[in-house]
Amino acid sequence: MDLIVSTDVLAAFCERAAKFDFVTVDTEFLRETTYWPKLCLIQAATNDEAVLIDPLAPGLDLSPFFVLLANPNVTKVFHAARQDIEIFVKLTGKVPVNIFDTQIAASVCGFGDSVSYDNLVRSITNVELDKSSRFTDWSARPLTEKQRLYALADVTHLRDIYVELRKQVDATKRWDWVEDELGVLRSIDTYVVQPEQAWERLKLKINRPRDLAAMKKLAEWRERRAQDGDQPRSRVLKDDVLFELAQQRPLTADAFEKLRAVPRGFGRSSAAAEIIAILKDVEALTKAELPDMPERYRGPSPKGAVGDLVRVLLKSVAEQHGVAARIIATSDEIDALVLDDDADVPALKGWRRKLFGEKALDIKHGRIGLVATRKGVIEFAVAENHPAE
């Protein structure tokens with residue numbers, strides 16, 4: 001289990017791997033103190049061999065592996081691929097071509113939402129993995145024998161899982177489900193955060209246009225600072241601090257001392273000076289320049305009877321198809337579609353819309369009803385001359 005530490009040896013492996021239909025891939029990285037993940041190890045396996053690649057080895061050029069990732073004739077198999085792919089996007093500027101995520105495939109085959117790798121290994125191969133090395137320091141060298149065994153297991157069992165899940169997806173004819181989910185992973189926008197859109201990730205409720213303008217500008221500033229300094233967002237400013245700054249908008253160093261979320265003395269820092277400049281620009285905006293606030297819904301609450309009916313429908317659909325309800329729609333998505341027929345949520349797109357979304361809208365508008373039987377919940381059409389709404 002020697003690490004691959006030379007470009008020649010890596011190139012030879014990648015040349016052999018390119019002859020196979022698929023290669024399983026995983027990474028180990030550190031991210032606790034950085035914005036960008038620090039790649040510490042790459043694991044890869046074909047049907048014939050499994051290797052560990054040391055990206056920290058002096059002089060090692062990963063280009064041969066990047067060529068393999070871009071090869072459309074070889075399927076790159078990951079489990080819970082998003083963070084692994086983010087690393088390769090950062091290094092190459094591109095998303096690996098022809099990817100397959102076993103966590104996605106498992107979810108549409110009835111293994112539950114976001115099933116872990118070790119649970120999937122246990123279910124499909126009857127092997128119990130030793131995960132005690134999961135949180136070790138992967139940047140330290142030399143790697144221990146235990147770390148190497150752990151790392152290799154993440155790609156060797158993945159071969160059997162991939163083969164089995166392909167069979168199950170074929171049997172259930174759910175490739176369109178898998179393809180819809182893989183579409184998100186294939187988009188480079190999934191991994192590249194534009195500072196101007198950083199505010200969209202925040203879950204904080206803003207009720208006034210000027211507060212929203214401040215929040216957008218502050219979130220953009222924080223994202224740029226985090227990216228430029230390669231540090232976590234929370235180390236620049238935590239979300240609750242952004243929220244308080246957007247609402248209170250301190251315009252002097254002394255005004256920061258009156259805020260609860262800001263540490264003492266922060267008002268004298270260079271960061272505070274930049275924030276003050278941003279907030280002064282926000283205060284100078286005319287009313288016409290302020291962002292529009294989303295219109296408030298004035299109809300029935302999504303937490304009321306209509307929402308309850310849609311949730312019953314969701315549970316029924318999930319049971320019929322043998323998948324976890326959350327894979328089809330989340331509670332927030334149900335709230336959104338009750339509020340808006342054209343809500344921009346996964347439940348109203350692709351296979352989810354065909355399976356559940358259209359029926360949810362029919363329930364909402366009284367075109368179908370539900371009845372409980374011994375066999376479960378059954379949908380029935382509402383007669384046109386007796387509309388339910």
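What follows is a set of questions and answers on the fold, the sheet and the helix packing.

Author: Happy to. This is a predicted model, where local features need pLDDT of at least 70, side-chain atom pairs count only at pLDDT 80 or more, and totals for chains, interfaces and linings use all residues. Residues are numbered from 1 along each chain as its sequence is written, and side-chain values use heavy atoms, with hydrogens and water left out.

Reader: How many helices and strands does the protein have?

Author: Helices (H or I, at least four residues) and strands (E, at least two) are DSSP runs, numbered from the N terminus. The C-alpha trace that holds them spans about 70 × 65 × 35 Å along its principal axes. The secondary structure comes to 15 helices and seven strands.

Reader: What percentage of the residues of the protein count as buried?

Author: Buried means under 20% relative accessible area, exposed over 50% and partly exposed in between, with a 1.4 Å probe and protein chains only. With that cut-off applied to the 389 residues of the protein, the buried share is 45%.

Reader: What is the order of the strands in the open sheet?

Author: Two strands pair if DSSP finds at least two bridges between them. Strand 3 (residues 50–53) and strand 5 (99–101) are the edges, each pairing on one side only. The open sheet has five strands with mixed pairing, in the order 3-2-1-4-5.

Reader: How many bridges join strand 1 to strand 2?

Author: Strand 1 covers residues 22–30 and runs antiparallel to strand 2. Within this pairing, Phe29 has Leu39 as its bridge partner, and Leu30 stands opposite Lys38. The number of bridges joining the two strands is seven.

Reader: Why is strand 2 largely enclosed by the rest of the structure?

Author: Strand 2 spans residues 38–45, eight residues in total. It is largely enclosed because the number of its residues that are buried is seven.

Reader: Which strands does helix 3 touch where it packs on the sheet?

Author: Contact means heavy atoms within 4.5 Å. Helix 3 (residues 82–92) has buried residues, among them Ile85, Ile87 and Phe88, and their cover includes helix 2 (63–69) and helix 7. The direction of helix 3 makes about 85° with that of strand 1. The strands touched by helix 3 are strand 1, strand 2, strand 4 (75–78) and strand 5.

Reader: Which residue just after helix 3 takes a positive phi?

Author: The phi angle there is about 80°. The residue is Gly93.

Reader: Are helix 12 and helix 14 parallel or oblique to each other?

Author: Axes are lines fitted to C-alpha atoms, for helices over the stretch in contact, and angles run from 0 to 180 degrees between N-to-C directions. The axes of helix 12 (residues 305–321) and helix 14 (residues 331–339) come within 10 Å and cross at roughly 130°. Angles under 35 degrees count as roughly parallel, over 145 as roughly antiparallel, 65 to 115 as roughly perpendicular and the rest as oblique. Helix 12 and helix 14 are therefore oblique.

Reader: How far apart are the axes of helix 7 and helix 15?

Author: In this pair, Asp176, Trp177, Asp180 and Glu181 of helix 7 (residues 175–186) meet Gly350, Trp351, Arg352 and Leu355 of helix 15. Helix 15 covers residues 350–364 and packs against helix 7 at an angle of about 130°. The separation of their axes is 8 Å.

Reader: Is Ala219 buried or exposed?

Author: Ala219 lies in helix 8 (residues 209–229). Leaving aside neighbours within four places in sequence, Ala219 is in contact with Ala198, Trp199, Leu202 and Leu242. Because its relative accessible area is 1%, Ala219 is buried.
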